[in-house]
Amino acid sequence: MKRVFFGLLVLAIGVMMLLRAMGIESFDWFFNMEWKPYIWPIAVILIGIGTIFHKARHKHCDHMRVKDSSDAMDEKGFMKIEATLSGHKYNLKGEDFSGAKINAFLGGVSLDLRNANFADESEIKIDAFMGGAEIFVPQDIQVKIYSSCICGGVKNDKPATVTDSSKTLHIHAECLFGGVDIKR
């Protein structure tokens with residue numbers, strides 16, 4: 001609630017400052033206003049908004065929805081995953097995996113590939129805009145990362161080289177205020 005209120009307050013002040021700088025609006029009325037009659041109605045409105053966001057956050061946003069991998073996978077083992085304002089979790093259990101395209105827009109994706117059957121060369125393309133992806137990769141898979149990030153990043157918990165692997169996973173990540181986390 002505090003973060004939402006602070007964000008709305010800063011947004012309102014910024015809009016007021018921009019309109020005043022552009023000469024569109026004078027806010028003298030705002031600063032000369034008698035505030036006493038408005039304090040309690042504003043407080044009640046803010047409590048109501050806080051209650052709504054509090055319930056929604058605990059009911060929906062704290063848990064990723066576990067999805068069946070067949071919903072996002074085609075017959076060749078390629079996955080297309082879209083997470084917009086939501087979270088999705090996929091666990092592959094013995095399915096053939098050839099690659100994936102992940103779009104995380106204000107949402108998150110968790111993709112567990114530790115029990116998947118990999119092709120010799122696999123590729124995952126990730127676009128994360130104010131969202132993220134968490135990829136679990138088996139120990140015996142070589143991972144090569146290609147990334148372009150602005151105010152975000154890619155974190156790789158896997159060893160840089162796996163010497164006894166004939167299989168390679170190429171991860172292409174583009175992150176804008178988001179991130180990708182590669183785990184064992």
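Colleague: Over how many bridges do β4 and strand β8 pair?

Modeller: This is a predicted model, where local features need pLDDT of at least 70, side-chain atom pairs count only at pLDDT 80 or more, and totals for chains, interfaces and linings use all residues. Residues are numbered from 1 along each chain as its sequence is written, and side-chain values use heavy atoms, leaving out hydrogens and water. Strands are DSSP runs of E, at least two residues, numbered from the N terminus, and two of them pair if DSSP finds at least two bridges between them. β4 and β8 (residues 168–176) run in the parallel sense, and the bridge count is nine.

Colleague: Okay, which residue in β8 is the bridge partner of Lys125?

Modeller: Lys125 stands opposite Lys101 on one side. Over in β8, its bridge partner is His172.

Colleague: And over how many bridges do strand β3 and strand β4 pair?

Modeller: β3 covers residues 87–105 and β4 covers residues 108–129. They pair in the parallel sense, and the number of bridges is 15.

Colleague: Which residue in β5 is the bridge partner of Ser110?

Modeller: β5 spans residues 132–136 and pairs with β4 in the parallel sense over five bridges. The partner of Ser110 there is Glu134.

Colleague: Is Phe105 buried, partly exposed or exposed?

Modeller: Phe105 lies in strand β3. Buried means under 20% relative accessible area, exposed over 50%, and partly exposed in between (1.4 Å probe, protein chains only). Phe105 has a relative accessible area of 38%, so call it partly exposed.

Technical notes: Helices (H or I, at least four residues) and strands (E, at least two) are DSSP runs, numbered from the N terminus.
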